[in-house]
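Colleague: Got the model open. Can we go through it quickly?

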Amino acid sequence: MKPTDNIEVVTCLVKLRFDADMVDSAVQLLLSVSERIEAKAGCQSCSISREALESNSIRYIEIWSSEAEFTPHVQSDEFRNVLAAMDMCCEEPSVVIGTLSGRDGIAYLMDLRGRLD
């Protein structure tokens, strides 16, 4: 893929908020499956991070090559653990699933910046 080629991916973005005593357990649960998820065909990325300004909040992101690869994953044992982490939340998690399309690469950013100069 050239750096300026169009890309289209399926993303699953989940923001989870926990009581202070549950956040470490939830992180461990998500970490326990993230490598297996990332190793699946079609998964481009699976990441877990803590929010800088909200220490009891976790951002969980999966990026998939296509909906055809994401859909069966949602029915898998690994994703069941993601749902279990969601059940541990102290409030309903924010879940955004959708298709993103656009351009990829630093070369494209530099091209855009050049248009502004």
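**Charged pairs, core and helix packing**

Colleague: What is the relative accessible area of Arg80?

Modeller: Arg80 has a relative accessible area of 52%, and counts as exposed. The cut-offs are under 20% for buried, over 50% for exposed and partly exposed in between, using a 1.4 Å probe and protein chains only.

Colleague: What are the ground rules here?

Modeller: This is a predicted model, so local features need pLDDT of at least 70 and side-chain atom pairs count only at pLDDT 80 or more, while totals for chains, interfaces and linings use all residues. Residues are numbered from 1 along each chain as its sequence is written, and side-chain values use heavy atoms, with hydrogens and water left out.

Colleague: Back to Arg80. Which residue forms a salt bridge with Arg80?

Modeller: Asp77, with the closest N and O atoms 2.9 Å apart. A salt bridge here is a side-chain nitrogen of Lys or Arg within 4 Å of a carboxyl oxygen of Asp or Glu. Asp77 is exposed too, at 52%.

Colleague: How are helices and strands assigned?

Modeller: They are DSSP runs numbered from the N terminus: H or I of at least four residues for helices, E of at least two for strands.

Colleague: How many helices and strands are in the protein chain?

Modeller: Four helices and four strands. Along the sequence the pattern reads β-α-β-β-α-α-β-α. The C-alpha trace spans about 50 × 35 × 20 Å along its principal axes.

Colleague: And how many salt bridges come out of that rule?

Modeller: Seven.

Colleague: Which residues are linked in a network of salt bridges?

Modeller: Lys15, Arg17, Glu54 and Glu91. In one of the pairs, Glu54 meets Arg17 at 3.3 Å, N to O. Glu54 is in the loop between β2 (43–50) and β3 (57–64) and Arg17 is in strand β1 (residues 6–17), so this pair ties together parts that are 37 residues apart in sequence.

Colleague: What about the Arg17 and Glu91 pair?

Modeller: There the closest N and O atoms are 3.6 Å apart. Glu91 sits in the loop between α3 (77–87) and β4 (94–103), 74 residues from Arg17, so distant parts of the chain are linked.

Colleague: What else does Arg17 touch?

Modeller: Leaving out residues up to four places away in sequence, Arg17 touches Glu54, Asn56, Ser57, Cys89, Cys90 and Glu91. Contact means heavy atoms within 4.5 Å. Arg17 and Cys90 are 73 residues apart in sequence, yet 6.2 Å apart from C-alpha to C-alpha.

Colleague: New topic. What percentage of the residues is buried?

Modeller: 28% of the 117 residues.

Colleague: Which members of the largest nonpolar core touch the most other members?

Modeller: Leu16, Phe18, Leu30, Ile37, Ile58, Tyr60 and Val82, out of 22 residues. At least two residues of this core come from each of β1, α1 (23–38), β2, β3 and α3. α1 gives the largest share, six residues. A nonpolar core is a set of buried Ala, Val, Leu, Ile, Met, Phe, Trp, Tyr and Cys residues joined through side-chain atoms within 4.5 Å.

Colleague: What does Leu30 touch?

Modeller: Beyond four places in sequence, Leu30 touches Leu16, Ile48, Ile58, Tyr60, Val82 and Ala85.

Colleague: How do α1 and α3 cross?

Modeller: Their axes come within 9 Å and cross at roughly 155°. That makes α1 roughly antiparallel to α3, a label for angles over 145 degrees. The axes are lines fitted to C-alpha atoms over the stretch in contact, with angles from 0 to 180 degrees between N-to-C directions.

Colleague: Which residues make that contact?

Modeller: Leu29, Leu30, Val33, Arg36 and Ile37 of α1, with Glu78, Asn81, Val82, Ala84 and Ala85 of α3.

Colleague: Last one. Is Thr11 buried or exposed?

Modeller: Thr11 is buried, at 15% relative accessibility. Thr11 lies in strand β1.

Methods: Parallel < 35°, antiparallel > 145°, perpendicular 65-115°, else oblique.
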